[in-house]
Amino acid sequence: MNDKRRTQLRASRRVLQTERDRLERVRDEEDEARDNMPENMEGSDRYERSEECSEAIDNAIDAIDEAIEAIEEAL
């Protein structure tokens, strides 16, 4: 692999890491909001939707981690 393509891969890795960090912040905010819901909201549709969103974001983070690992292998 030549330097130009390696540079492009490194740039892609940085972008993915930035987006991963953003997703973590959003997930953490969602988790905090759910943790601060009143007890009587637990089990509600809103509470369950919040849990589903956090799980979906976790899945996205895992996918980005895999992409970053693949890029690192290519480098």
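## A negative surface patch

E39, E42, D45, E48, E51 and E55 together form a negative surface patch, where a patch is made of residues with over 30% relative accessible area and no salt bridge, like charges being joined within 9 Å. Asp and Glu count as negative here, and the place of a charge is taken as CG of Asp or CD of Glu.

The model is a predicted one, in which local features need pLDDT of at least 70 and side-chain atom pairs count only at pLDDT 80 or more, while totals for chains, interfaces and linings use all residues. Residues are numbered from 1 along each chain as its sequence is written, and side-chain values use heavy atoms, with hydrogens and water left out.

## Overall form

The protein chain has two helices and zero strands, these being DSSP runs (H or I, at least four residues, for helices; E, at least two, for strands) numbered from the N terminus. Its C-alpha trace spans about 60 × 15 × 10 Å along the principal axes. The radius of gyration of the protein chain is 17 Å, whereas a compact globule of 75 residues would have one near 11 Å; the radius is taken over C-alpha atoms, and the globule rule is 2.2 Å times the number of residues to the power 0.38.

Of the 75 residues in the protein chain, 16% are buried, a word that means under 20% relative accessible area, with exposed meaning over 50% and partly exposed in between (1.4 Å probe, protein chains only). E29, found in helix α1, is exposed, with a relative accessible area of 55%.

## Salt bridges within and between the helices

Side chains of opposite charge can pair when their charged atoms come close. A salt bridge is counted when a side-chain nitrogen of Lys or Arg is within 4 Å of a carboxyl oxygen of Asp or Glu, and by this rule there are nine.

R20, which is buried at 16% relative accessibility, forms a salt bridge with D65 at 2.4 Å, N to O. This pair links distant parts of the chain, with D65 in helix α2 and R20 in helix α1, 45 residues apart. R20 also meets E24 in a salt bridge of 2.8 Å, N to O, and these two residues are four apart in helix α1, a separation of about one helical turn.

D31 and R27 form a further salt bridge, their closest N and O atoms being 3.9 Å apart, and both belong to a network of salt bridges that links R27, D28, D31, R34 and D58. R27 is buried, with a relative accessible area of 16%, whereas D31 is partly exposed at 21%.

Terms used
Patch = residues over 30% accessible without salt bridge, like charges linked within 9 Å, V, L, I, M, F, W, Y side chains within 5 Å. Areas by Shrake-Rupley, 256 points an atom, 1.4 Å probe, with all protein chains shown as cover.
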